Amino acid sequence: LPFYWAGYRQTTRYTYLLPDISDKEALWNDVNTNIRRNIQKAKKKYGLKVQRGMDVATFIAMNKQVYIRQGLKPYHLEILERLITTTIARDQGQIWAAFDADGQLHAAVFVIWQDDCAYYIAGSSNTQFRKSGGMALALWQAIGDVSQYTNTFDFEGSMVKGIEHFFREFGAKQMSYFSIYKGKINWIQRVLIKLKYLYSNK
């Protein structure tokens, strides 16, 4: 409420959580058939294998292409690059990348973690191999690996329908959270907020 009085705005957003990633077999049983199929396809049909670590500049460049492909403006990539290098140096973050037998990169995901939770931060797939299942495989491997550091995995949500569907197929549970931001409000709204505040303090 004090944020609202100060001119901030609030909306409800959603993320998806795997509350317990300690039991990989139980996790697999909750994964949607489509994701299972993609993971198996990546392994058997395309022979993909996931490696921890890859060139950060290559990951950033591929991540940028995701936004360009969707006609969106990339966010501050220098911040993402700094986050990757810092968390890897502190052993609190890593990139998982799916490569085929010829060494071609299909997809990669960047995940960070702390004691109480791991967070999916960014990911991207090679335009040539978007249907290989590499993204699902890389993310599944990352979830399994970070279970040694924490018990919870947060997909960091998305209000984009297609991405939300992809996260949900991993068996993740929908969780709501507040997004509070400094919004532009007109002078009438400011007066009403001020009056409500003064009235409530009489």
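Good morning. I begin at the surface, where Phe3, Tyr8, Phe178 and Ile180 form a nonpolar patch with about 430 Å² of accessible area together. Patch members have over 30% relative accessible area and no salt bridge, and nonpolar side chains are joined within 5 Å. This is a predicted model, in which local features need pLDDT of at least 70, side-chain atom pairs count only at pLDDT 80 or more, and totals for chains, interfaces and linings use all residues. Residues are numbered from 1 along each chain as its sequence is written, and side-chain values use heavy atoms, with hydrogens and water left out.

Phenylalanine 3, a member of the patch, is found in helix H1 (residues 2–5). Its relative accessible area is 48%, so it counts as partly exposed (between the limits for buried, under 20%, and exposed, over 50%, with a 1.4 Å probe and protein chains only).

I turn now to threonine 150, in the loop between helix H6 (134–146) and strand S6 (153–154). Threonine 150 is buried, because its relative accessibility is 4%. Its side chain reaches the backbone oxygen of aspartate 115 at 3.1 Å and the backbone nitrogen of cysteine 117 at 3.0 Å.

Terms used:
Patch = residues over 30% accessible without salt bridge, like charges linked within 9 Å, V, L, I, M, F, W, Y side chains within 5 Å. Areas by Shrake-Rupley, 256 points an atom, 1.4 Å probe, with all protein chains shown as cover. Salt bridge = Lys/Arg side-chain N within 4 Å of Asp/Glu carboxyl O. Helix = DSSP H or I, 4+ residues; strand = E, 2+ residues; numbered from the N terminus. Polar contact = N/O pair within 3.5 Å; in protein donor to acceptor, adjacent residues only side chain to side chain.
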